[in-house]
Amino acid sequence: MGLGLKLPTIYNVHLVAIIATLGGALFGFDISSISAIVVTEQYLTYFNNPSGVIQGAIGSALAAGSVVGSAVAGPLSDKIGRRDSIFFACFFWLIGTAVQVACKNYGQLIAGRVLNGFTVGITSSQVPVYLAEIAKAEKRGSLVIIQQLAIEFGILIMYFIGYGCASIEGPASFRTAWGIQFIPCFFLMLGLPFLPRSPRWLAKVGRDQEAIHVLANIQADGNVDDPRVIAEWEEIVTVMNAEREAGQGWRKFVKNGMWKRTMAGMTVQAWQQLAGANVIVYYLTYIAQMAGLTGDVAMVTSGIQYAVFIIFTGVMWLFIDKTGRRTLLVYGALGMGFCHFVVGGVMGAHHDNVPEGVGGNANIVIAVHKGAPANTVILFSYLLIVVYALTLAPVCWIYAAEVWSLGTRATGMSMAAMSNWVFNFALGMFTPPAFVNITWKLFIIFGVLCVTAAAWFWVFYPETCGKTLEEIEILFGDEGPKPWKTKKGESRLAAEIEAVKARKTVENEIEVHEHKNDEKV
């Protein structure tokens, strides 16, 4: 990359997505590198049974680094490109993983996770941007959702690696698990040089011929005269020229109605965290122990949720571009809220206080009554994950990648991801102490937040499914329709393609006519 070597380029968008979304797998690996380890005897003994704020700091260190990573991701991506910024981020992952493997205390563990978080902050914001910019409008959702699937596969694989390593005696248990995080990063760095650069980024930096070449290879098997390529290129140029006239700096995020898009991109990511699903994803091992599950049963029960996560996100991969984003966001938030209320209500009505900690774990101070109450808590924890996997988990990332204009997309998506990570960090610090101090009431709080999120989605977010990235400009403009009156599809690109075909037909007829006149002369 930048060494003068000419490597073959992959243009199959699904293969491109699989390689690029290894950046998502890094995120998943890091989540499970903690969630599978925090309840093991080796971890608790070595780090002196961390609880409350200390365990919160360990858990949220990834998010702290991600806030910084996402803050620099936009300017970095605009400077060196989407693909190369992801490659650059990988070096911090290698360093952070090495620090975690060699750590001697929780301070060093936190430092290593912060460095890994810096990588995740860049990849989590720029991989969706990259995928959104190379995808066809009607397939964009199914392409970006591969990022969410990669995160979930990373979580599942690393969780059971951690579970397997739990049988290793002493600190080698968690050091081995954490060392395996080198592997996905190696394959990501190996594959990235073979991917094309984003055609929209190439256009943005004035490399028009390269942009057209990449667009043609992705959209039309290399045919630069294909009507779809011409129509999409003309739309990119038109929008790009309009954006250049709209001003530079931070004004472009608020001027001419852009504040609506900035608000939508940042708040959809904030709501993904405030919906509370990550409390289940990160700490289902705690909930399982509250419900009376211990040892291997608790670990396997917690691990099954990650398989459930993948299965239902995989189902949504088939339908994501046939279902509106608004529909999934609104009903998903309401469904998650219902699950939170059930879990919190059952815990509140059927528990015993255990001040010394369940099983000696200082983070778990209530025990849910066995039988129906415990089973209900586990069942609705799983159901919450199912609803999340079908709705907010993939759609929040897709929506955040779609709403930005070309001139604001890289930095805008980094702002959206930073919003996600700020709330991820805050909740990571808040959750372990909340398990100790307010116990079951934590789930009631998240239930109320989910209902609020549903109302917010309905009022403020227009439908973006099936629109080109350039068409979305209109939806957020002053003349655009009310969000609740928008529908999926109805793209104007098809009409523009037909217009290009008609224009080319006329041009060909004129050329034939002129040729006949020349022959007569």
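## A buried cysteine and its surroundings

Cys185 is buried, its relative accessible area being 0%, where buried means under 20% relative accessible area, exposed over 50% and partly exposed in between, with a 1.4 Å probe and protein chains only. The model is a predicted one, in which local features need pLDDT of at least 70 and side-chain atom pairs count only at pLDDT 80 or more, while totals for chains, interfaces and linings use all residues. Residues are numbered from 1 along each chain as its sequence is written, and side-chain values use heavy atoms, with hydrogens and water left out.

**Cysteines**

Let us stay with the sulfur atoms for a moment. A disulfide is a covalent bond between the sulfur atoms of two cysteines. How many disulfides does the structure hold? The count is 0, with a disulfide taken as a pair of cysteine sulfur atoms within 2.5 Å. For Cys185, the closest cysteine sulfur belongs to Cys90 and sits 4.1 Å away, which is too far for a bond. Cys396 is also buried, at a relative accessible area of 0%. Its closest cysteine sulfur, in Cys450, is 11 Å away and so too far for a bond.

**The whole protein**

Now for the overall picture. The protein has 22 helices and 2 strands; helices (H or I, at least four residues) and strands (E, at least two) are DSSP runs, numbered from the N terminus. Its radius of gyration is 25 Å, close to the 24 Å that the globule rule gives for 521 residues, so the protein is as compact as a globular protein of that length. The radius is taken over C-alpha atoms, and the rule is 2.2 Å times the number of residues to the power 0.38. Along the principal axes, the C-alpha atoms fill a box of roughly 100 × 50 × 40 Å.

Of the 521 residues, 58% are buried. Among contacts with a separation of 6 or more, 80% join residues 24 or more positions apart, a contact being heavy atoms within 4.5 Å. The accessible surface comes to about 20200 Å², and carbon and sulfur atoms account for 66% of that area; the areas come from the Shrake-Rupley method with a 1.4 Å probe, and for residues only the protein chains shown count as cover.

As for charges, the protein has 38 positive and 38 negative ones, and their mean positions are 4 Å apart. Lys and Arg count as positive and Asp and Glu as negative, leaving out His and the chain ends, with each charge placed at NZ of Lys, CZ of Arg, CG of Asp or CD of Glu.

**Helices and their buried residues**

Helix H8 spans residues 172-179, and its buried residues are Ser173, Phe174, Arg175, Ala177 and Trp178. Which helices do the buried residues of H8 pack against? They pack against helix H2 (22-35), helix H3 (41-46), helix H5 (82-102), helix H6 (106-134) and helix H7 (140-165).

Thr313 belongs to helix H15 (residues 295-319) and is buried at 0% relative accessibility. Leaving out residues up to four places away in sequence, Thr313 touches Ile145, Gln148, Leu149, Glu152 and Ala389.

Phe435 is part of helix H19 (residues 409-437) and counts as buried at 1% relative accessibility. Beyond four places in sequence, the contacts of Phe435 include Val279, Tyr283, Asn363 and Phe443. Phe446, in helix H20, is buried too, with a relative accessible area of 2%. With neighbours within four places set aside, Phe446 is in contact with residues including Leu274, Val279, His340 and Leu427.

Here are some C-alpha distances alongside sequence separations:

| Pair | Separation in sequence | C-alpha distance |
|---|---|---|
| Phe435 and Leu202 | 233 residues | 49 Å |
| Thr468 and Arg140 | 328 residues | 9.1 Å |
| Phe446 and Ala401 | 45 residues | 25 Å |

**Loops**

Thr468, listed in the table, lies in the loop between helix H20 (441-460) and helix H21 (472-475), and it counts as buried at 4% relative accessibility.

Backbone angles bring in two further loop residues. Most residues other than glycine have a negative phi, and most peptide bonds are trans. Asn48, which is not a glycine, has a positive phi of about 60°. Asn48 is placed in the loop between H3 and helix H4 (52-80). Is Asn48 buried or exposed? At 67% relative accessibility, Asn48 counts as exposed. Thr439 is not a glycine either and has a positive phi of about 45°. The loop between H19 and H20 holds Thr439, which counts as buried at 12% relative accessibility.
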